[in-house]
Amino acid sequence: MNAAAPLDTLPAHRMLQSHAQRLRSVHLRDLFAGDPGRAAAMAAEAHDVHLDFSKQPHAIATGDGQLKLRSSFNITLDAKAEDATVDLRLRIGCPVLEDEGQEGDDLGLAVKVTGVDVRVDPEDKHVYHFTLAKGAKVHFGIESEPYDPAWTVRLRPEIDEEVTS
């Protein structure tokens with residue numbers, strides 16, 4: 001039987017130590033002050049459409065010294081909604097934050113959807129179109145492409161009601 005390597009010798013542990021060292025002097029209050037939308041980004045509600053993170057965005061270490069962002073969230077249409085269905089447009093971005101706090105390019109995402117048929121927008125692979133029924137729930141599981149552990153990334157789902165003419 002092979003003995004497992006001590007955890008503190010693994011590359012993931014060294015990455016976490018480095019990340020902890022960078023954030024050691026940063027107070028949680030300062031992180032929220034520097035990003036006023038941070039708390040509000042964990043849930044959203046517009047009219048009768050609700051988005052809630054069933055698994056908060058979190059980084060996992062890959063075997064090659066990089067990170068991947070994982071998350072999952074649900075979108076529901078309230079059972080008391082006036083309309084029986086609503087056509088939605090969801091854009092799932094995962095931008096890399098630049099030094100000045102500006103959003104850079106989006107990371108590539110693997111997205112698994114259950115609960116409804118979706119159509120990926122042919123002009124923007126980050127945009128999903130679907131119809132959500134009253135009382136129904138759609139689940140999105142997300143995993144980013146690997147990225148440098150020195151980068152700060154943000155998962156940003158944005159929902160709009162489709163405008164049909």
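Which residues gather in a patch of negative charge on the surface? They are E82, D83, D87 and E161. The views below come from a predicted model.

**Figure 1. The whole chain in outline.** The secondary structure of this predicted model comes to 2 helices and 12 strands. The protein has 165 residues, and 27% of them count as buried.

**Figure 2. The patch of negative charge.** E82, D83, D87 and E161 gather on the surface in this patch. One of its members, D87, is found in strand β4, which spans residues 85-93. D87 has a relative accessible area of 31% and is partly exposed, because partly exposed residues fall between the buried limit of 20% and the exposed limit of 50%.

**Figure 3. The open sheet of 4 strands.** The strands of this sheet stand in the order β8-β9-β4-β12, and their pairing is antiparallel. At the edges are β8 (119-120) and β12, each of which pairs on one side only. Strand β9 covers residues 127-133 and is joined to β8 by 2 bridges in the antiparallel sense. Within this pairing, V120 has Y128 of β9 as its bridge partner.

**Figure 4. The open sheet of 3 strands.** Here the order is β6-β5-β11, again with antiparallel pairing. The edge positions belong to β6 (103-106) and β11 (152-153), and each of these strands pairs on one side only. Strand β5, made of residues 95-97, runs antiparallel to β11, and 2 bridges join the two. V96 stands opposite V153 of β11.

**Figure 5. The salt bridge between E143 and R70.** The count for the protein comes to 7 salt bridges. In one of them the side chains of E143 and R70 meet, with an N to O distance of 2.4 Å. E143 lies in strand β10 (residues 137-144) and R70 in strand β3 (residues 67-77), so this pair ties together parts that are 73 residues apart in sequence. Both residues are partly exposed: E143 has a relative accessibility of 22%, and R70 has one of 36%.

**Figure 6. The salt bridge between D160 and R89.** Side chains of opposite charge can pair when their charged atoms come close. In this view, D160 forms a salt bridge with R89, and the closest N and O atoms are 3.3 Å apart. The pair links distant parts of the chain, since D160 is in strand β12 and R89 is in strand β4, 71 residues apart. D160 is partly exposed, at a relative accessible area of 39%. R89 also counts as partly exposed, at 26% relative accessibility.

Figure 7. The side chains of R91 and D124 meet in a salt bridge, 3.4 Å from N to O. R91 lies in strand β4, whereas D124 is in the loop between β8 and β9, so the pair ties together parts that are 33 residues apart in sequence. D124 has a relative accessible area of 23% and is partly exposed.

Figure 8. Is S72 buried or exposed? At 10% relative accessibility, S72 counts as buried, because the limit for buried residues is under 20%. The place of S72 is in strand β3. S72 and P57 are 15 residues apart in sequence, and their C-alpha atoms are 7.5 Å apart in space.

**Figure 9. I159 in strand β12.** Strand β12 spans residues 156-161 and includes I159. I159 has a relative accessible area of 27% and is partly exposed.

Definitions and conventions. Residues are numbered from 1 along each chain as its sequence is written. This is a predicted model: local features need pLDDT of at least 70, side-chain atom pairs count only at pLDDT 80 or more; totals for chains, interfaces and linings use all residues. Side-chain values use heavy atoms; hydrogens and water are left out. Patches are made of residues with over 30% relative accessible area and no salt bridge: like charges are joined within 9 Å, nonpolar side chains (Val, Leu, Ile, Met, Phe, Trp, Tyr) within 5 Å. Accessible areas come from the Shrake-Rupley method with a 1.4 Å probe; for residues, only the protein chains shown count as cover. A salt bridge is a side-chain nitrogen of Lys or Arg within 4 Å of a carboxyl oxygen of Asp or Glu. Lys and Arg count as positive and Asp and Glu as negative; His and the chain ends are not counted. The place of a charge is taken as NZ of Lys, CZ of Arg, CG of Asp or CD of Glu. Buried means under 20% relative accessible area, exposed over 50%, partly exposed in between (1.4 Å probe, protein chains only). Two strands pair if DSSP finds at least two bridges between them.
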